[in-house]
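Please read this briefing alongside the structure shown below.

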Number of protein chains: 2
Amino acid sequence: MKQKFGVKIMPREVILDTQGRAVEQTLRLNKLAAESVRVGRFVELEVAGTEAEARKKAEEIAKFVLHNPLIETFEIQKL
Amino acid sequence: MKQKFGVKIMPREVILDTQGRAVEQTLRLNKLAAESVRVGRFVELEVAGTEAEARKKAEEIAKFVLHNPLIETFEIQKL
C-alpha cells in the first residue's frame with residue numbers, strides 16, 4: 001500500500017529570502033500588494049507501507065535528503 | 001487586517017519533472033525508496049483585507065505572477 005505525502009520546505013525566518021523579496025518587488029510594480037512573501041519548495045512523494053511506517057520513512061527522506069537544516073525547516077502533510 | 005495564504009505550485013502531471021526524477025534517483029542510491037516524486041514551489045504571503053477579499057487578491061497574484069499556466073497548476077491554502 002502506498003501513502004502520499006507532501007513535504008513543505010521553507011527558508012528559516014532569520015534567513016533573508018531573496019526570492020521572496022524579488023516576488024514582493026514584482027508585485028509592487030504590478031500594483032498587487034502582498035507582504036511577508038516567502039518562497040519555499042513543496043515535494044510530493046509516495047512511500048510504501050502502513051501510514052505510520054510510511055510517515056517515518058517520509059520524515060527520514062525529508063530530514064536527510066530534501067531539506068538543508070542550516071537554512072530551512074520542513075513540515076510533513078498527509079495528502 | 002492581514003490574511004496569510006499559501007500558494008502551492010506544482011508541475012502539471014503531463015510535464016516531465018526533472019527535479020523530481022533527480023530526487024527519486026538520489027533516494028534510490030541512498031536506499032530510501034519513494035515513488036512519484038514531484039517537486040514544486042510553496043509561496044507564503046500576507047494580503048490585507050477581509051478573508052474573502054484577501055483570498056481573491058491572493059488568487060490574482062498566484063494566477064498572474066506566481067505560476068506559469070502552461071506547465072504548472074496552483075492551489076491556494078489559508079494558513
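A residue counts as exposed when its relative accessible area is over 50%, as buried under 20%, and as partly exposed in between. The model discussed here is predicted. By that cut-off, B:Lys31 is exposed, because its relative accessibility is 76%. Chain B and chain A bury about 2400 Å² between them.

**Positive phi angles**

- B:Lys31 has a phi near 55°, which is a positive value in a residue other than glycine.
- B:Lys31 sits in a loop of chain B, between helix H1 (18–29) and strand E2 (35–48).
- A:Ser36 also is not glycine and has a positive phi, near 45°.
- A:Ser36 belongs to a strand, E2 (residues 35–48) of chain A.
- Its relative accessibility is 39%, so A:Ser36 counts as partly exposed.

**Extent of the interface**

- The size of an interface is often given as the accessible area lost when the parts come together.
- Of the roughly stated area, about 2400 Å² for chain B and chain A, 62% lies on carbon and sulfur atoms.
- On the chain B side, B:Glu35, B:Phe42 and B:Glu44 lose the most area to chain A.
- Together these three residues make up 22% of what the chain B side buries.
- In residue terms, 27 residues of chain B contact 27 residues of chain A.

**Polar links across the interface**

- Ten residue pairs are in polar contact between chain B and chain A, with both residues at pLDDT 80 or more.
- Four salt bridges cross the interface of chain B and chain A.
- One salt bridge joins the side chains of B:Lys8 and A:Glu44, at 3.3 Å from N to O.

**Who supplies the chain B side**

- Strand E1 (2–11), H1, E2 and helix H2 (51–66) of chain B each give at least two residues to the side that touches chain A.
- E2(B) gives the largest share of that side, with 13 residues.
- By type, the side of chain B that touches chain A holds 16 nonpolar, three polar and eight charged residues.

**Strand pairing between chains**

- How do E2(A) and E2(B) pair, and over how many bridges? They pair in the antiparallel sense, over nine bridges.
- Which residue of E2(B) is the bridge partner of A:Glu44? The partner is B:Arg38.

Technical notes:
Residues are numbered from 1 along each chain as its sequence is written. Chains are lettered from A and ligands numbered from 1 in the order in which they are written. This is a predicted model: local features need pLDDT of at least 70, side-chain atom pairs count only at pLDDT 80 or more; totals for chains, interfaces and linings use all residues. Side-chain values use heavy atoms; hydrogens and water are left out. Helices (H or I, at least four residues) and strands (E, at least two) are DSSP runs, numbered from the N terminus. Buried means under 20% relative accessible area, exposed over 50%, partly exposed in between (1.4 Å probe, protein chains only). Contact means heavy atoms within 4.5 Å. Buried area is the accessible area (1.4 Å probe) that two parts lose on being put together, summed over both. A polar contact is a pair of N or O atoms within 3.5 Å; within protein, one must be able to donate a hydrogen and the other to accept it, and residues adjacent in sequence count only if both atoms are side-chain atoms. Ala, Val, Leu, Ile, Met, Phe, Trp, Tyr, Cys and Pro count as nonpolar, Asp, Glu, Lys and Arg as charged, and the others, Gly among them, as polar. Two strands pair if DSSP finds at least two bridges between them.
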